[in-house]
Amino acid sequence: MTTTGTGAGAPSSTDTTDVTDVTDVTDTADATVATDTTDATEAADPTALVTDHDRGIHGYHHQKQEHLKRLRRIEGQIRGLQRMVDEDVYCIDILTQVSASTKALQSFALQLLEEHLRHCVADAALKGGDEIDAKVKEATQAIARMLRT
């Protein structure tokens with residue numbers, strides 16, 4: 001059997017793409033994606049524990065939509081207070097609504113505090129060192145502020 005100068009396995013003269021180059025480009029792109037998604041902490045120490053907190057995800061993140069819904073409801077209560085004052089509603093009725101709005105905010109704050117303890121403080125406890133002391137102090141100060149109100 002006779003072959004031409006290009007040979008049976010060689011690409012034709014019209015084919016300008018080398019299969020090896022395409023594979024190399026794909027491998028390089030995959031490596032770039034993998035590098036971009038790798039956390040800096042993981043790159044520095046592959047055995048380091050990387051948590052949601054390291055990625056900037058706060059404790060309330062998983063309940064975000066429920067929290068927003070709850071805050072919108074509280075916002076409606078506050079608008080109701082404005083309407084009540086505008087319409088000259090009896091003082092005690094307004095105070096009752098103020099009390100309900102205050103309780104709703106306190107309840108929201110307590111839930112947010114619980115999520116902070118479970119997420120941020122627990123994350124600091126896993127890491128140990130000065131970070132846990134700072135997070136506990138921060139949480140204690142937040143509790144003190146909540147008790148003053």
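Trainee: Which helix do the buried residues of α5 pack against?

Mentor: They pack against α4, residues 91-127. Keep in mind that this is a predicted model.

Trainee: Which residues of α5 are called buried?

Mentor: I132, K135, A139 and A142 are the buried residues of α5. They cover an arc of only 90° around the axis, so they sit on the same side of α5.

Trainee: What is exposed on the other side of α5?

Mentor: D130, D133, K137, L147 and R148 are exposed there.

Trainee: How do you know that the length of α5 agrees with its number of residues?

Mentor: Count first. Helix α5 has 19 residues, 130-148. The expected span is 1.5 Å times one less than the number of residues. That gives 27 Å for α5, and its end C-alpha atoms are 27 Å apart, so the two agree.

Trainee: What makes α4 and α5 roughly antiparallel?

Mentor: Their packing angle is about 170°. Angles over 145 degrees count as roughly antiparallel. Therefore α4 and α5 are roughly antiparallel to each other.

Trainee: Which residues make that contact?

Mentor: On α4, they include Q106, L110, L113, L117, C120 and V121. On α5, they include I132, K135, V136, A139, I143 and M146.

Trainee: How far apart are the axes of α4 and α5?

Mentor: The axes are 9 Å apart. Two packed helices are described by the angle between their axes and the distance between the axes.

Trainee: Why is Q106 called partly exposed?

Mentor: Q106 has a relative accessible area of 32%. Buried means under 20%, exposed means over 50%, and partly exposed is in between. So Q106 is partly exposed. Q106 lies in helix α4. Its C-alpha atom is 7.8 Å from that of M146, 40 residues away along the chain.

Trainee: What makes K103 count as exposed?

Mentor: Its relative accessibility is 55%, and the cut-off for exposed is over 50%. So K103 counts as exposed. K103 also lies in helix α4.

Trainee: Which residues of α3 are buried, and what do they pack against?

Mentor: H67, R70, I74, Q77, G80, L81 and M84 are the buried residues of α3. They pack against α4.

Trainee: How do you know that the span of α3 agrees with its number of residues?

Mentor: Helix α3 has 23 residues, 64-86. At 1.5 Å a residue it should span 33 Å. Its end C-alpha atoms are 33 Å apart, so the span agrees.

Trainee: Is D88 buried or exposed?

Mentor: Its relative accessible area is 68%, so D88 is exposed.

Trainee: How many disulfides does the search find?

Mentor: A search of the whole structure finds 0. A pair of cysteine sulfur atoms would have to lie within 2.5 Å to count.

Trainee: How many helices and strands does the protein chain have?

Mentor: There are 5 helices and 0 strands. Along the sequence the pattern reads α-α-α-α-α.

Trainee: How much of the protein chain counts as buried?

Mentor: Of its 149 residues, 17% count as buried.

Trainee: What share of the contacts with a separation of 6 or more joins residues 24 or more positions apart?

Mentor: Such residues account for 55% of those contacts in the protein chain.

Conventions:
Residues are numbered from 1 along each chain as its sequence is written. This is a predicted model: local features need pLDDT of at least 70, side-chain atom pairs count only at pLDDT 80 or more; totals for chains, interfaces and linings use all residues. Side-chain values use heavy atoms; hydrogens and water are left out. Helices (H or I, at least four residues) and strands (E, at least two) are DSSP runs, numbered from the N terminus. Buried means under 20% relative accessible area, exposed over 50%, partly exposed in between (1.4 Å probe, protein chains only). The arc is that of the directions from the helix axis to the C-beta atoms. Contact means heavy atoms within 4.5 Å. Axes are lines fitted to C-alpha atoms, for helices over the stretch in contact, and angles run from 0 to 180 degrees between N-to-C directions. Angles under 35 degrees count as roughly parallel, over 145 as roughly antiparallel, 65 to 115 as roughly perpendicular and the rest as oblique.
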